[in-house]
Amino acid sequence: MSITQPQWTLDEVTALFDGVFFERYHTRLVRGGDEPLYRPADEQTPYHQIIFAHGFFASALHEISHWCIAGAKRRQQEDYGYWYLPDGRNAEQQLAFEQAEIAPQALELLFAEASGREFHVSVDNLGGDAAVDREAFAAKVNARAANYREQGLPTRAKAFCCALARYYRHQDSLETAIRQGKAMLANSL
């Protein structure tokens with residue numbers, strides 16, 4: 001990053017995502033309000049939307065990670081057809097949440113690294129009555145990220161990680177980073 005260019009703007013991460021994926025997947029990254037949401041295309045909006053919360057960069061990376069894991073059938077359903085219980089989960093619900101979040105948060109960790117940002121796991125249960133072992137969950141996320149590094153990333157995650165690294169780490173232009181991400185996508189299919 002140059003001194004005159006701010007790091008980690010939402011315009012840039014949106015341009016990277018849309019540039020790499022819109023043509024092939026008809027999916028856009030969209031800044032939202034309080035809650036994130038994946039919304040498939042419909043009569044009002046002719047493209048799929050990954051809506052991230054509050055305009056937070058980390059929320060954008062997290063929601064992209066869910067999209068990178070979701071298969072074609074899941075991407076045709078709102079929020080990929082998954083359940084979500086808000087803050088206030090009991091112990092059993094919290095365990096199910098954490099199990100479902102290991103892989104997406106591992107990808108988010110890798111996306112944050114590619115962007116030169118810090119990553120913090122989210123147990124997302126501040127008001128719940130369940131005891132949360134943040135360190136144990138972080139260890140599971142880190143182990144899954146290590147597995148992704150060793151075994152390889154899912155195709156879309158690999159392409160996005162490449163675009164992020166080219167832009168944020170190697171200081172390529174947006175156009176070059178997008179081109180590299182699309183090339184990685186094409187080579188993986």
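Predicted model: local features only at pLDDT ≥ 70, side-chain atom pairs only at ≥ 80, totals over all residues.
Biologist: Why are helix 1 and helix 6 called oblique to each other?

Modeller: Their axes come within 9 Å and cross at roughly 40 degrees. Angles under 35 degrees count as roughly parallel, over 145 as roughly antiparallel, 65 to 115 as roughly perpendicular and the rest as oblique, and therefore helix 1 and helix 6 are oblique. Among the residues that meet there are Ala15 and Gly19 in helix 1 and Ala177 and Gly181 in helix 6, contact meaning heavy atoms within 4.5 Å.

Biologist: What makes strand 1 and strand 2 the edge strands of the sheet?

Modeller: Three strands form an open sheet in the order 1-3-2, with mixed pairing. Strand 1 (27-31) and strand 2 (37-39) are the edge strands because each pairs on one side only, where two strands pair if DSSP finds at least two bridges between them. Strand 2 is joined to strand 3 (residues 48-52) by three bridges, and the two run antiparallel; Tyr38 stands opposite Ile50 in strand 3. Helix 1 (residues 10-25) packs on the sheet and touches strand 1 and strand 3.

Biologist: How do you know whether Thr27 is buried or exposed?

Modeller: Thr27, which is found in strand 1, has 1% relative accessibility and so counts as buried, since buried means under 20% relative accessible area, exposed over 50% and partly exposed in between (1.4 Å probe, protein chains only). Leaving aside residues up to four places away in sequence, Thr27 touches several residues, including Phe17, His48, Ile50 and Trp67.

Biologist: Why does Glu118 count as exposed?

Modeller: Glu118 lies in the loop between helix 3 (91-115) and helix 4 (134-151), and its relative accessibility is 65%, so Glu118 counts as exposed. From His48, Glu118 is 70 residues apart in sequence and 28 Å apart in space, C-alpha to C-alpha.

Technical notes: Residues numbered from 1 in each chain as written. Heavy atoms only, no water. Helix = DSSP H or I, 4+ residues; strand = E, 2+ residues; numbered from the N terminus. Axes fitted to C-alpha atoms, helices over the stretch in contact; angles between N-to-C directions.
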